[in-house]
Amino acid sequence: MSPESTGQNEHYLTVFRRGFRTWRGNRPFWAGLFTIVGGVPIAYFPYADLHLGNMTLAMSTTAGAGSLIIGVLLITLGLTMWFHHIVRVFAGVAAILLALISIPVANIGGFLIGFLLSMLGGALSISWAPGEPAEAEDPYRKGVAEEQPQAAPSEEAFHGAAVPQQPAAYDTAVDADGGGHRAG
């Protein structure tokens, strides 16, 4: 073993951190996290009792079941963004719609905390795109000067590019057999 070899002597936390960073980079991690964290106050506040000194403030409403459903769906959509990132656009749109519905149903969207976090998570999910894989560096090209940019193409290269092509003249021989195809 050479002293430069890696992997064998690395601490398990370093290995876990690298693996988590790779996992996080392949999916809309922050979108899912904001959506999950936004769903928690929406589901929690209708069932919570806030204690302010000797006074207890109960936030229970008749729409408690609706708040619970919206909160659980937002948490599920956040997990979906993490583990099924193929449907990230659907999950983002659904998170935005549920956040909007939570305003009248769930105590002003979890006192605007859950609403804002869910809206941000949905928007991040819609706008996320998978990254391009990094190009491997060629060790033999190190020190070689970068290629010079090519000259701009001439005007003749674009001649007629924006002009739509005219359809070919109508061929009457096609309809000689009544429009039927040779195969049938």
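Residues are numbered from 1 along each chain as its sequence is written, and side-chain values use heavy atoms, with hydrogens and water left out. Because the model is predicted, local features need pLDDT of at least 70 and side-chain atom pairs count only at pLDDT 80 or more, whereas totals for chains, interfaces and linings use all residues.

The predictor's confidence in each residue, pLDDT, runs from 0 to 100; its values are tabulated below, with helices (H or I, at least four residues) and strands (E, at least two) taken as DSSP runs numbered from the N terminus.

| Part | pLDDT |
|---|---|
| Protein chain | average 79 |
| Strand S2 (residues 55-58), lowest | mean 77 |
| H6, highest | mean 94 |

In the protein chain, 65% of the residues score at least 70. Where pLDDT is low, the predicted coordinates should not be read in detail.

Helix H2 (residues 29-44) has 16 residues and spans 23 Å from its first C-alpha to its last, close to the expected 22 Å, which is 1.5 Å times one less than its number of residues.

A nonpolar surface patch of about 730 Å² includes Val89, Leu97, Ile103 and Ile126; H4 and H6 each give two or more residues, and H4 gives the most, with five. Ile103 lies in helix H4 and is partly exposed, with a relative accessible area of 33%. Patch members have over 30% relative accessible area and no salt bridge, with like charges joined within 9 Å and nonpolar side chains (Val, Leu, Ile, Met, Phe, Trp, Tyr) within 5 Å; a salt bridge is a side-chain nitrogen of Lys or Arg within 4 Å of a carboxyl oxygen of Asp or Glu.

Terms used
Areas by Shrake-Rupley, 256 points an atom, 1.4 Å probe, with all protein chains shown as cover. Buried < 20%, exposed > 50% of the residue type's maximum accessible area, 1.4 Å probe, protein only.
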